[in-house]
Amino acid sequence: MSDHIRAKLEALISDSGMFHAGQQDERLRLCRLIDIRLNDLGKLGRGPIISARLEELLHIRQALRDHP
């Protein structure tokens, strides 16, 4: 690996602000995907399995949103 690429990678890894912003972007992306899945499941009705999945996804989405 060239020194230039290694230096860029080290800068990206050591820049905690950039790292945390990337984590936040990923959490928001996951929340949007979960919202799409919740919407799809909501159209299927309310059987016990679907209700359990909806509840599980809601807990995951809430955990993602509550994460600092």
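Predicted model: local features only at pLDDT ≥ 70, side-chain atom pairs only at ≥ 80, totals over all residues.
At 37% relative accessibility, R6 counts as partly exposed (buried means under 20% relative accessible area, exposed over 50%, partly exposed in between, with a 1.4 Å probe and protein chains only). Residues are numbered from 1 along each chain as its sequence is written, and side-chain values use heavy atoms, leaving out hydrogens and water.

**Overall fold and confidence**

- The chain has three helices and zero strands; helices (H or I, at least four residues) and strands (E, at least two) are DSSP runs, numbered from the N terminus.
- The average pLDDT, the predictor's confidence in each residue from 0 to 100, is 85 for the chain, and 88% of the residues score at least 70.
- Confidence is lowest in helix α1 (residues 3-14), with a mean of 74, and highest in α3, at 92.
- Of the chain's 68 residues, 13% count as buried.

**Salt bridges**

- The structure holds five salt bridges, each a side-chain nitrogen of Lys or Arg within 4 Å of a carboxyl oxygen of Asp or Glu.
- In helix α1, D3 and R6 lie three residues apart, about one turn of the helix, and they form a salt bridge with the closest N and O atoms 3.7 Å apart.
- D3 is exposed, with a relative accessible area of 61%.
- R53 and E56 both lie in helix α3, three residues apart. Salt bridges that share partners also join D35, R61 and R65 into one network.

**The faces of helix α3**

- Helix α3 (residues 48-66) has 19 residues and reaches 27 Å from its first C-alpha to its last, close to the 27 Å expected at 1.5 Å a residue; the expected span is 1.5 Å times one less than the number of residues.
- I50, L54, L57 and L64 are buried in α3. Seen down the axis of α3, its buried residues fall within an arc of 90°, so they line one face of the helix; the arc is that of the directions from the helix axis to the C-beta atoms.
- P48, H59 and D66 are exposed on the other side of α3.
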